[in-house]
Amino acid sequence: MDAFTTLHALAAPLDRRNVDTDAILPKQFMKSIRRSGFGPNLFDAWRYLDPGEPGQDPARRQPNPAFVLNQPRYQGARILLARENFGCGSSREHAVWALKDFGLRAVIAPGFADIFHGNCLKNGLLPVTLDAATVEALFQAAGAGTRLRIDLAAQTVTPDGGAPIPFAIDAGAKHRLLHGLDEIELTLRRAPGIRAHEARRRQDEPWLFPQ
């Protein structure tokens, strides 16, 4: 998993409430367990004017010029501003994979669906929860094309020219993100201890290990 330390990037405002995972990545595109290749279909029903099907060439489709991520001033955005209950609906990780594959590294919102929030942390996408009034102020600034600096170690979001805004995050999740450790990598760090435990168990309880 890619480590997350600091990010200074353009923020794109997605002004929609209760965005569910099927809107983030429609179900017809969730046909692979690879973690890449989903970016072209992120927010598919909103980004394009024509209906999307797996295998289509995005270059041949009709982009929706009104959708925020298609607007020239938000090209290259790596931070998404969202409204409350972002990521509700299905528990599948594909929605997070699509956000990351598109190039986003953080989502800022007043609240997230619990499972989606956990999936973000497990896949290197930082979910930042701020109060609704603060998020509204960031939305207002984003209309002019604001950039934000997110410092995970300091747990702050700082608009260009503004004051740092603190945010909370679980200490264990913070450690994993800072060091780029998913749950498998975290377990593998304990491999010597696991092997030593298995060796002791084999010696103490040999009947559990038939030859």
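Predicted model: local features only at pLDDT ≥ 70, side-chain atom pairs only at ≥ 80, totals over all residues.
Me: How should I read a nonpolar core, and which residues have the most contacts inside the largest one?

Reply: The general idea: in soluble globular proteins, nonpolar side chains tend to be buried together. Here the largest nonpolar core has 34 residues, and Ile24, Phe43, Leu80, Phe86, Leu99 and Phe116 have the most contacts inside it. At least two residues of this core come from each of strand E1 (6-13), helix H1 (21-24), helix H3 (94-102), strand E3 (106-109) and helix H4 (114-122). H3 gives the largest share, five residues. Another core lies apart from it, with 25 residues, including Leu7, Leu130, Ala142 and Ile150.

Me: Back to Val19: is it buried or exposed?

Reply: Buried means under 20% relative accessible area. Val19 counts as buried because its relative accessibility is 2%. You'll find Val19 in the loop between E1 and H1. Beyond its sequence neighbours within four places, Val19 is in contact with Leu14, Ile24, Phe43, Trp46, Asn85, Phe86, Gly87 and Cys88.

Me: And polar side chains? What does the side chain of Asn64 reach?

Reply: For a polar contact, look for a pair of N or O atoms within 3.5 Å. The Asn64 side chain reaches the backbone oxygen of Trp46 at 3.2 Å. Asn64 itself sits in the loop between helix H2 (44-47) and strand E2 (79-81).

Definitions and conventions. Residues numbered from 1 in each chain as written. Heavy atoms only, no water. Helix = DSSP H or I, 4+ residues; strand = E, 2+ residues; numbered from the N terminus. Polar contact = N/O pair within 3.5 Å; in protein donor to acceptor, adjacent residues only side chain to side chain. Core = buried A, V, L, I, M, F, W, Y, C linked by side-chain atoms within 4.5 Å. Buried < 20%, exposed > 50% of the residue type's maximum accessible area, 1.4 Å probe, protein only. Contact = heavy atoms within 4.5 Å.
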